[in-house]
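This briefing is for a reader who is new to the structure. Please look at the sequence and the model first, then read the points below.

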Amino acid sequence: MRAPLKSLDDALAELLGCANTLDGVDTVATFDADGRVLAQDLVSALQVPSFDNSAMDGYAVRCADLAAGVALPVSQRIPAGSSPAPLAAQTLARIFTGAPVPSGADAVVMQEDCVLQADGRVMVNGPVTAGQWIRRSGEDIELGATILLKGERLSPAELGLAASMGMNSLQVARRPKVALFSTGDELVMPGEVAPQDMRPGAIYNSNRFFLKALLTRLGCEVTDLGIVPDQRQATIDALAGAAQQHDLILTSGGVSVGEEDHVKPAVQVLGQLDLWQINLKPGKPFAYGYVRRGGVNGQGAHFIGLPGNPVSGFVTFLMLVRPFVLRLQGVSQFAPLSIVATSGFTWVRADKRREFLRVRLNAAGVLELFPNQSAAVLTSVAWGDGLVDNPPGQTIAPGDTVRFIPLTELLS
């Protein structure tokens, strides 16, 4: 009797339970920290902005001094970066965006609402409200506030925020070291053999290229170990060598029950391996285990084996390997944002597995389906801009609402 398929959610939970945050912290320049994961909370040592400043080019005024039809003299000019004197009574000050608001002033009037007269005095038109066009000290960041949390992935906005607190360097999680290789005598590297010279049964190794790119986008240091021959000893040697200097070994292909698939027995010789059948389409076969380092129990590299079909490998990576790699770096929030979208297609082939259909959003805001959803057709992923997360047994008709996951949520 076959064991029931493991749900994707259960598989992810089990996998993440094995993904302890890696030891080690790197100190990197804030300029170079894009995509890295914070290894400490960032607490502000100052207020941002540190002083009340003008949000507009215009005039700093004291509201009590303003009267209809009365023009006031300009007592000072305040550019950004200057230190103004207190605002003298019955005067106003020319001020520019970002400049400190002088003491005694309680509003800024933008220059479009003022009239400069021939004698140099300025007439303010319209009502003025105390506090208008003044950015208050600390309105962005308060002194002592925790602004960024340990485990957050840094984006350009976070880098700017850190810089605004005076942080020129940051403590970040070290990059996971990943060994990547493929198995299969049928695989050929692009450039080694011209298309017209390919032997019967040979295929170009596409998985190696997208897997390396995906790992790099997630902040990994990737060692490309190439294609390992379909020989047991060659596979054992490759795994044993990879375990010495890497946190994770990722393979594509070689985890099925075929007699030429040597990854399973090789990993079992060197460590431990579990083969999962996951309620996932495209996908289903998945391997997780570890390879001991130097024969020492408890020390070694994680091992993950992906299915060899390109779309199966791509989707399984996004659903399982991506969160695993982020968890190794201490990331706590990695679930992709999904949106409710409208189907513009018919899907009558309901499957017993949870399906991830390759789709794209058209100009009308309706989802289109790539016509060939085969696990071997990588064109569907390149064409699409997202996945429909379709529950088991679910058909889809035009106008139905579906759960849409943009690829932008999964490729970073």
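Leu 16 touches Pro 323, Phe 324, Arg 327 and Phe 334, leaving aside residues up to four places away in sequence. The model is a predicted one.

**Leu 16**
- Leu 16 sits in helix H1.
- Its relative accessible area is 13%, which is under the 20% cut-off, so Leu 16 is buried.
- Between Leu 16 and Val 325 there are 9.3 Å in space, C-alpha to C-alpha, although the two are 309 residues apart in sequence.

**Helix H1**
- Helix H1 covers residues 8-16, and its buried residues are Leu 8, Ala 11, Leu 15 and Leu 16.
- These buried residues line one face of H1, because they fall within an arc of 125° when seen down the helix axis.

**The largest nonpolar core**
- The largest nonpolar core is made of 45 residues.
- Leu 250, Phe 286, Ile 304, Phe 317 and Met 319 have the most contacts inside this core.
- Elements giving two or more residues to this core include H1, helix H3 (207-217), strand E21 (285-293) and strand E22 (296-306).
- Helix H6 (310-328) is also one of these elements, and H6 provides the largest share of the core, 12 residues.

**Phe 286**
- Among the residues that Phe 286 touches are Leu 15, Trp 276, Ile 278, Ile 304 and Leu 320, not counting residues up to four places away in sequence.

**A second core**
- A separate core of 18 residues includes Ile 236, Leu 273, Val 291 and Phe 303.

Key:
Residues are numbered from 1 along each chain as its sequence is written. This is a predicted model: local features need pLDDT of at least 70, side-chain atom pairs count only at pLDDT 80 or more; totals for chains, interfaces and linings use all residues. Side-chain values use heavy atoms; hydrogens and water are left out. Buried means under 20% relative accessible area, exposed over 50%, partly exposed in between (1.4 Å probe, protein chains only). Helices (H or I, at least four residues) and strands (E, at least two) are DSSP runs, numbered from the N terminus. The arc is that of the directions from the helix axis to the C-beta atoms. A nonpolar core is a set of buried Ala, Val, Leu, Ile, Met, Phe, Trp, Tyr and Cys residues joined through side-chain atoms within 4.5 Å. Contact means heavy atoms within 4.5 Å.
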